[in-house]
Each structure stands twice: as structure tokens, then as C-alpha cells.
Amino acid sequence: MIDVSGGRIVALQAGSAPTGDAVVLDGLVIPGLANAHSHAFHRALRGATQLGGGTFWTWRETMYRVAARLTPDEYLELARAVYAEMALAGITCVGEFHYLHHAPGGVTYDDPNAMGEALIEAAAQAGIRITLLDTCYLSSGFGAPPDETQLRFSDRSGEAWAERVSGLKERDHARVGAAVHSVRAVPADQLGVVGVWAAQRNAPIHAHVSEQPAENEGCLAAYGVTPTRLLADHGLLGPRTTAVHATHLTSEDIALLGGSATTVCMCPTTERDLADGIGPAHEVQAAGSPLSLGSDSQAVIDLFEEARAMELNERLRTRRRGHWTADALLRAATADGHVSLGWPEAGRLEAGALADLVTISLDSVRTAGLLHGAETAVFAATSADVSDVVTGGRVIVRRGVHQLVPDVAGALRQALARVAA
């Protein structure tokens, strides 16, 4: 039995019988999952970009068309449905890498943080925690001005970004962090502004790093160093930092990330969908980097699949098995993901931790007859096997039904119809 009070686990008692008012969680209970890298509006692209070929860059043009359409009200509706889908998948905390700040043309809303506030409210309505990773995005590429769509992303300077994001207030379910979109989008002389803002608040800071070879090539041409070295030179690496993707790294990059204990967030289902490549997850962890996992473009919302894919990708790359234990993969999806999002008190089943719990059904066609350990969660289960979800002691999913958004599929249909690609 798990005793909960004030939203936290008070005690765990093996073999004790539930009391009359207890909620029975029938299955394998694990900590709530942390989705460390999300772009909620990318959910509108699922299935819409699969006709024909292309690259990350052609996919991005479709994404920009969706970004150009969203209003704060539409973003609230869409994100609420997406976060409810995440809750059904066992995700109790999301790191929202948020760069869609302004109205079309870069016009500031009456509330300069209207879009960010929409995301925070969407998480509240879906019953999950959020770290809003407010993203600095100033350039279309190594000093070039933003294009028409990117004007919605840009605050024009690091100082203006810092002034705007300082207006965001944290809540019980919401924390605020910083993000550098990429070294393409934030000039080197502005990186320190983001780093100082995050350091003053002891806040997490995330960045897309070496997702594409073209980013590395452009950085070398502009600054003579790799993106990782550029971030290191401006003081942005360290235990509060998460490098997202980190797909195309040099051996020096790996040493810099690991030596600084910078977390690396892998997003395998997105990286394979966009043909980005397989990142050196095992090498960066061996060098000292914790790992976290994210759904990123929402091609799939299933952190069990992300964890499994990280191991299976490594098997394909090396033609060897067993690079991580199931426990280690599950830790990336829970405790280490929460730490990367600034929630170190979550993602663990122990006294004092936040009472965020997920139950995996053990009687589905995927899980029936299996041993009840991390191997079941990582190598057999899918998001469809999540039956119950608890955040802070509050049941938000019961027997596969979201208690706050009862018809998640209908909510998604309605929201997506308004912003379809």
C-alpha cells in the first residue's frame, strides 16, 4: 500500500491490505513518467507529413504552416487535448519547449505571455505538471533575420526575451525554465543572457544541440567550433542543462557534455521519423551525462516506446544487445527526466516523493503472463496498457478513462480540425 498525504508519498507498506477508502491500483505500479521534450502543436502534423520523401527541413515547412495559424485560445484547446493524451500514456510531467510566443508578424499580445499561459492552463486542465521551457529564438540561422513565420518566435534580443519571460509566474503544477532554441537561432553574443537568467533562478535550461549535420557545419563556419563547444564556452553546460537530440557529436562534444554532467534528452521516435539519425546515447551516458526521453514532435506519444527504441536503436547501430537494463531505461523516463525538468522530488516511489503514480495493466495481450518488473514496462507494454494515473495523489486517469477530459479522442479531433496542416 502507498500512503499519500498532501500530494506526497508518506509511506510504502508491502503486503498490507487496502483500507475502505483506498484507491486500488490493479497492475504494475511505476512512478509517473516525465516527457522531457515536447512541442505540443506538432501533434497537428501526425500522419500529415508521411506522403513522399523529404528531410527535416521539408518537414519544418509544414510545421511552420501550423505555427502560423494558432491563436492563444486555439493553443489552449489543442494543448489541453495533447496533454490529456499524454496523461493517458502515463505522463505526469511535460517539458514544453515553447517558442510560439507572439501573434503573426511578431506583434505582441496584450499579455506578452498569452501563448505560454495557454500551455500552463492546458496542463492544469489535463491534470499534469508542466515545466514551461520558454525559448529564446532570435535568428533564422547564424545571424540571419527571422523569416515571416519565425517573427512569431522572436523577441528581437536576449534582453527582451528575459524581460518577457520574467513575467511568467510559477504555480503548484507549473515551473518555468529557459531554452536556447539552437545555436542557429540564438547568436553567440546572446547566449549568456539566457544562461544568466536561468542561473539567477536555479532554473533548468534546455537546447536543441547538433540535431542536424547542417547545424554543425553552419556553426563551424560562423564560429569555428561545434555547437556543444560554443555552449560550453558561454557557460551553458552543467547539471541544470539538457542537450536535446545531440545526434551528431564529436568525441570532444561527448567529453564536454559528460564532463559537465549535462543531461542528454533522446527523442527516438521523432529522430527516426525525421530521418535525423541515431545519437550516441550510450557514449554520452558513459561519459557522465544522465539521459532523459521526450516525445518531441508527437509522432508517437509513448515513453515506453521511446525507452525501448533507445536500446533497440543502439542494437542496430552496434549489432550487440543489452546496452541498458530495463531499470536504467525506466529511470530515464522517470527520475532523470524529472530532474532535467526541475522536479527532483518526482519520479520515484519512496517516502517524501510526489505521489505521481502510473499503473500498467498486466492482463492485456502484450503484458499477460509476464514477470512484473521493469522489463514488462519497457520491453512489452505500450501506452495503451496504462490503466490508472495519479498526480499528487489525485486520480486523473481511471481504468483508461481521463477523469478531466473524458473524450480525449473527441477533444483532439475538435482541436486539430481548427489547425489542420
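Visitor: How do the residues lining the largest cavity split by class?
Guide: The lining has 8 nonpolar, 7 polar and 4 charged residues. Here Ala, Val, Leu, Ile, Met, Phe, Trp, Tyr, Cys and Pro count as nonpolar, Asp, Glu, Lys and Arg as charged, and the others as polar. This is a predicted model, with pLDDT of at least 70 needed for local features and 80 or more for side-chain atom pairs, while totals for chains, interfaces and linings use all residues. Residues are numbered from 1 along each chain as its sequence is written, and side-chain values use heavy atoms, without hydrogens or water.

Visitor: How many cavities are there?
Guide: The search of the whole structure finds 4 of 30 Å³ or more. A cavity is a set of points on a 1 Å grid over the protein atoms alone where a 1.4 Å probe fits but cannot get out, and lining residues have an atom within 4 Å of a point.

Visitor: How much space lies in the largest?
Guide: About 160 Å³, taken as the space filled by probe spheres set on the points, which are joined across faces, edges and corners.

Visitor: What lines the second largest cavity?
Guide: Its lining consists of His42, Leu45, Arg46, Gly47, Thr49, Gln50, Trp59, Asp273, Ser297, Gln298 and Ala299. By class these are 3 nonpolar, 6 polar and 2 charged. The space in the second largest cavity is about 70 Å³.

Visitor: Change of topic. Which residues touch the most others in the largest nonpolar core?
Guide: Phe41, Tyr83, Ile130 and Trp197, in a core of 123 residues. Helix α2, residues 72-88, supplies the largest share of this core, 9 residues. Such a core is a set of buried Ala, Val, Leu, Ile, Met, Phe, Trp, Tyr and Cys residues joined through side-chain atoms within 4.5 Å.

Visitor: Now the charges. How many salt bridges does the structure hold?
Guide: It holds 22, each a side-chain nitrogen of Lys or Arg within 4 Å of a carboxyl oxygen of Asp or Glu.

Visitor: Take Arg164. Which residue does its side chain meet?
Guide: Asp155, with N to O at 2.9 Å. Arg164 has a relative accessible area of 7% and is buried, and Asp155 is buried at 9%. Buried is under 20% relative accessible area, exposed over 50%, and partly exposed in between (1.4 Å probe, protein chains only).

Visitor: Where do Glu305 and Arg308 lie?
Guide: Both are in helix α11, residues 303-318, and they sit 3 residues apart, about one turn of the helix. Glu305 counts as buried at 18% relative accessibility, and Arg308 counts as buried at 11%.

Visitor: What about Arg331, buried or partly exposed?
Guide: Arg331 is partly exposed, at 46% relative accessibility. Asp336, with which Arg331 forms a salt bridge at 3.1 Å between the closest N and O atoms, is buried at 15%.

Visitor: Which residues are linked in a network of salt bridges?
Guide: Arg8, Arg175 and Glu345 are linked in one.

Notes: Helix = DSSP H or I, 4+ residues; strand = E, 2+ residues; numbered from the N terminus. 1 Å grid on protein atoms, 1.4 Å probe; cavity = no way out; pocket = protein on both sides within 12 Å on 5 of 7 lines; lining within 4 Å.
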